[in-house]
Structures are given as C-alpha cells and as structure tokens.
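This report looks at one residue and its surroundings, and then at the ligand and the residues around it. Please keep the sequence and the structure at hand while reading.

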Amino acid sequence: MNNAIYNFQLPANEPVLEYKNESPERKQLEAEIQKQILNPIEIPLIIGGKEVRTSQTGQVRMPHNHSHVLATYYKATEKEVQMAIDSSLAAHRIWSDLSWTVRASILLKAAELISGKYRAVMNAATMLGQSKNMYQAEIDSVCETIDFLKFNAYFVSQIYEMQPRSAFNQLNKMEFRPLEGFVFTVSPFNFTSIASNLNMAPVMMGNVTVWKPATTSLLSNYYLMKIFQEAGLPDGVINFVPGSGALIGKVALASPDLAGIHFTGSNQTFNYLWKEVASQLPHYKSYPRLIGETGGKNFIFVHPTAEPKEVAVNAYRGAFEYQGQKCSAVSRMYVPVSLWPEVKEELIRISEDAEMGDILDPINFINAVIDEGSFDNCMNYIDYAKDSAEAEIIAGGKGNKSVGYYVEPTLIVTTNPKFKSMEEEIFGPVLTIFVYEDKKLQETINLCNTTSPYGLTGAVFARDRVAASAMCEQLRYAAGNFYINDKPTGAIVGLQPFGGSRASGTNDKAGGEFNLIRWISPRTIKETFQPATEYRYCYMME
Ligand code: NAD
C-alpha cells in the first residue's frame with residue numbers, strides 16, 4: 001500500500017488547434033473524415049466490457065446528407081438494460097475500492113488519448129454524426145472533453161482534502177464514499193463532451209453508470225466508450241446502452257439500486273424522470289440524486305451605450321454557431337430603438353455574407369440541424385412568425401430538407417415582447433429581437449427577467465460600466481452564466497463553470513467541485529482514544 005498523499009495540479013485548458021489549410025492536423029482530420037464516410041461501422045451495446053448485439057437495429061445518418069448511413073447500431077431491449085444494471089453493480093465493489101489516484105489516472109489517460117491518438121477520430125465522428133464544423137467539433141469533442149477529464153481529477157483532489165477537525169480524546173475523519181447503487185446517465189445529442197462528463201464525473205468519484213446516449217450522437221459517443229476502455233476503465237464501470245429512451249428509462253428507474261440520475265437534455269425528459277422517481281420513492285434503497293441541466297431561452301440585453309457592431313457580431317455568433325443548438329445559444333435579444341438601425345444593418349450584412357452547407361466545406365459557417373424533427377420544429381416557428389402581424393422576418397426564413405436538414409439562420413423582429421418565439425425554446429437557428437424605446441429601459445429589463453421560465457445564460461452589452469453592473473444585479477436570477485460585453489455561449493471548463501437556474505436545471509456546474517460533490521455520500525468516522533468507563537456524568541456525583 002502506497003500511503004503518500006497525492007494531489008493533482010491545476011491543469012491548463014487544452015489548446016484549440018487552428019486547422020489551417022494544409023496544416024498537419026487538417027490533413028489528418030480530412031483523411032479520417034474520408035475513412036469514416038467510406039467505412040460505415042457497427043455500434044454494439046457494451047455491457048460489462050463485452051459487445052452485445054440484439055435483434056433490433058437502427059441507422060446513424062449524417063444530418064447534412066441524410067441519405068448517407070454512417071453506422072448501424074443495436075438497440076437495447078429490457079433484458080440488456082437489466083444486464084447493464086447487474087454488470088454495473090458487480091463492478092461497484094472493485095471500482096469504489098480502487099485508489100482514487102488510479103481512477104484519476106484512467107481519466108487522465110483518456111484525456112491524453114483524445115488529445116493525440118484519437119483527436120481526428122473524435123472530431124470526424126462529431127462532424128459527421130452531429131453536423132458540427134471542424135472548429136465546433138474541436139472545441140467540443142476534443143478540448144472540452146479533455147478539460148472535463150483533467151479538471152475533474154484536479155477538483156477531486158481538492159474535495160478529498162476536506163477533513164473535519166479533531167478534538168480532545170478523539171480523531172475524526174471523513175470518508176468519501178461513492179453512492180450505493182448505480183448512476184443512470186442520460187446524454188443529449190449536442191455536445192460530445194457533455195456525454196463524456198455525465199459519465200466520467202460520477203465515475204471519478206467511484207461510481208458506476210448505465211449510460212443511455214442520444215441516438216443522434218451515437219457515432220462519437222461509441223468512440224468515446226472505446227477510448228475509456230483503452231484508457232483502462234474496468235469492465236462494467238460504464239455500460240453503454242443505446243436504444244429507446246422510454247424503454248431504457250423505464251427499466252433503469254424501476255431498479256431499487258438507482259442511486260442517481262445525471263442528465264442533460266430537454267425539460268420534458270428531465271421532468272418525466274423526476275416525476276417517475278418521485279412516484280417510486282419508497283422502492284429505492286436510498287434517495288436518488290437528481291442532477292439535470294435542461295433548456296434555455298438565452299438573451300442578449302443591449303443598453304443604449306453599447307457598441308452596435310460588437311452587439312451584432314456577438315449576437316450572430318451566439319445565436320447561430322452550431323445552428324443555435326447549444327444550450328447556451330442566444331434566442332432573444334432586446335435592442336434600444338436608438339441603436340437598432342446600426343445593429344440591424346450589421347446583422348443583415350453578416351447574414352448575407354455567412355454561408356450555409358455541408359461540414360466538409362470549411363467556408364460554411366452554418367451546417368445542418370440534427371434531424372427531421374428539429375427541422376420541422378424550427379420551420380413551424382418560422383412559419384408562425386411569417387403568418388403573424390406582430391413579427392417580421394428580416395433575414396433567413398427558408399429551409400430545405402431534401403439533402404440535409406438545412407434551416408437558414410433566421411432573424412425575427414417582433415413588436416410583442418411576449419411573442420411565442422421570445423418565450424419558448426426552439427433549439428435551432430432562430431433569433432427573435434424586440435426593439436424597445438430607450439426611455440423604457442427599466443420596464444424592458446423587467447420583461448427580460450420575467451418572459452421565459454428559464455435561467456441558463458444571458459448577456460448585457462453596455463459601454464457604461466455602471467449601467468452594466470446595475471443590469472447584472474437586476475437580472476440576478478435570469479441566468480446561471482452571465483456575460484458582460486460577450487456572447488453568452490462558449491463557457492470553458494475551469495474558467496466559467498456552467499449551469500443555469502430556474503427551469504434550466506439543478507445548476508450543479510459541470511466540470512467543477514459542485515458537481516463532483518453530488519456523487520459522493522460522505523461517511524464520518526469518529527474514534528475515541530479513552531472510552532468512558534463510568535455511566536454517571538460529573539454533575540451526578542457527590
Ligand atoms: P432530449 O431530452 O430529447 O434527449 C436527451 C436524452 O434523453 C437522449 O439521450 C434521449 O434519448 C433521452 N430520453 C428521452 N426520453 C427519455 C426517457 N423517457 N427516459 C430516459 N431517457 C430519455 O434532449 P436533446 O434533444 O438531446 O437535447 C436538447 C436539449 O438539451 C435542449 O433542451 C437543450 O437546452 C438541452 N441542453 C441543456 C444543456 C445545459 O447545460 N443546460 C446542455 C446541452 C443541452
């Protein structure tokens with residue numbers, strides 16, 4: 001037994017490579033993309049470290065070219081979900097007993113594999129499967145995934161240092177037990193890094209997981225699972241179970257050993273999971289921890305002293321990068337009438353300049369939305385605006401799903417601050433703008449604060465720094481990640497811990513100590529050196 005006290009140093013964030021034309025990383029990526037296009041793969045379930053195939057299959061297709069099949073995947077039935085639960089419980093003992101430094105070293109090795117050997121694989125799979133351009137794939141599937149892995153190893157060493165005081169005649173210790181049972185991890189399509197972290201954060205703390213990946217991100221998520229195995233993750237610690245969310249969720253939630261849910265996705269799904277857990281509460285061995293990051297209706301609020309060009313550029317990037325499918329994407333904006341002509345002119349100029357198309361052509365700023373359901377949903381909102389007397393579309397407004405699911409980045413200007421697309425999450429490339437009278441600044445800040453049920457991200461733009469501070473205060477609960485003079489997307493692990501309040505989730509700030517702490521159930525151990533030998537207390541004696 002090595003009794004040294006280890007700690008892990010604060011890591012640096014993974015540098016983002018530039019992928020300039022003819023650069024070595026670009027050539028490697030292009031070769032890997034071609035390889036993945038030309039060689040469709042099979043995606044089995046991975047349970048207890050073993051590949052499992054069932055009689056039910058589905059296909060993974062490119063959102064930007066949906067006739068092209070990238071992979072055939074196998075779907076879990078109830079039997080395989082139960083197998084995954086059993087295998088996770090079997091792995092619990094060995095994994096939770098293992099020195100935490102060994103657990104951390106597996107995370108760090110996974111980070112190294114993604115940084116080097118599998119960088120192109122992760123990027124290509126995320127580009128092809130989730131329709132991200134090479135920059136969006138690099139900052140997500142490589143850099144953020146690595147940051148989550150490395151920062152978790154650092155933060156865990158900080159948590160484990162926390163010990164209670166000891167007093168006279170006693171020694172007190174805190175043991176950081178993982179949860180008793182398995183964690184059900186349910187990941188969204190839009191960030192490969194989130195899928196990684198939903199599993200690896202609880203796993204770092206000694207937990208085991210049953211992982212239900214989103215069907216539309218299966219390609220990158222399968223490669224992630226393979227990398228975790230290559231990094232040394234013991235069999236059964238993470239069990240990869242693609243298939244129907246409703247079916248997998250039903251079996252997982254029926255298990256008395258459900259110790260927690262680590263979720264990122266829509267409110268609808270999280271609310272369903274929460275209600276199901278609540279309805280079965282007496283049946284669980286412990287109260288399941290419910291950690292979920294959900295929807296958003298993120299805003300930019302423009303003060304009359306803002307710089308119009310900065311507003312337009314940041315609004316465009318914040319609303320339309322990755323087709324508005326970042327949970328943090330801007331989808332409503334408040335602009336004073338005094339600045340509107342300049343902001344509008346610049347927004348239209350960028351709209352006319354920015355190209356949309358296949359991820360293979362790096363000129364394209366915008367690519368396809370994830371699937372037909374998303375395409376139809378976006379077009380419904382756009383059509384609603386077209387038919388409304390309260391709205392005008394000043395850019396975009398068209399869509400085409402014949403080859404890929406392409407929705408033009410769309411700017412809607414509304415006269416109604418409570419217009420449907422100012423209130424509801426669309427999760428696509430649609431930005432709605434309300435132009436307010438400068439003298440109604442306070443009233444409009446209140447509107448911004450109360451218009452949507454969410455509280456994920458928000459930004460204010462102002463050159464008047466005192467006004468920016470006042471808005472920051474007034475919008476205190478409107479966003480869990482708040483920005484001054486910046487777009488509200490692009491949070492970086494270790495720099496801007498991420499998560500929202502109100503209907504946007506439990507706000508446990510993924511990638512930091514707040515989240516990790518949710519995956520432990522501490523045990524306090526008191527040892528007394530001289531136990532009592534007399535039952536009476538002093539005051540009872542002569
Ligand atoms: P989604 O809710 O449709 O799916 C998320 C996951 O839940 C998928 O794996 C899906 O298969 C699974 N699922 C669906 N029904 C289920 C059930 N009954 N039981 C168990 N699992 C079930 O969400 P999505 O479309 O993948 O992601 C988009 C949403 O995620 C948006 O609302 C976005 O705002 C949100 N999101 C939030 C954050 C954040 O940090 N707040 C980050 C990313 C995405």
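## N481 and its polar partners

In this predicted model, the side chain of N481 reaches the backbone oxygen of P497 at 3.1 Å, and it also makes a polar contact, at 3.3 Å, with the side chain of K509. N481 belongs to strand β23, which covers residues 481-484.

With a relative accessible area of 4%, N481 is buried, because this value falls under the 20% limit that defines the term. Beyond its neighbours within four places in sequence, N481 is in contact with L456, T457 and G458, with A491, with Q496, P497, F498 and G499, and with K509.

## The shell around the ligand

The ligand is surrounded by 27 residues, of which S187, S266, T269, T294 and E425 are the closest. By class, this shell comprises 14 nonpolar, 10 polar and 3 charged residues, and α8 (245-254), β10 (258-264) and α9 (267-279) each supply at least two of its residues.

Both domain 1 (26-294 + 505-525) and domain 2 (298-484) give residues to the shell, and the ligand therefore lies between them.

## Backbone contacts and burial of the ligand

A nitrogen atom of the ligand, in turn, lies 2.8 Å from a backbone N or O atom of T294. Taken alone, the ligand exposes 860 Å², and the protein buries 85% of that area.

Conventions. Residues are numbered from 1 along each chain as its sequence is written. This is a predicted model: local features need pLDDT of at least 70, side-chain atom pairs count only at pLDDT 80 or more; totals for chains, interfaces and linings use all residues. Side-chain values use heavy atoms; hydrogens and water are left out. A residue is near a molecule or strand if one of its heavy atoms lies within 4 Å of it. A polar contact is a pair of N or O atoms within 3.5 Å; within protein, one must be able to donate a hydrogen and the other to accept it, and residues adjacent in sequence count only if both atoms are side-chain atoms. Accessible areas come from the Shrake-Rupley method with a 1.4 Å probe; for residues, only the protein chains shown count as cover. Helices (H or I, at least four residues) and strands (E, at least two) are DSSP runs, numbered from the N terminus. Ala, Val, Leu, Ile, Met, Phe, Trp, Tyr, Cys and Pro count as nonpolar, Asp, Glu, Lys and Arg as charged, and the others, Gly among them, as polar. Domain bounds come from an automatic or database domain assignment. Buried means under 20% relative accessible area, exposed over 50%, partly exposed in between (1.4 Å probe, protein chains only). Contact means heavy atoms within 4.5 Å.
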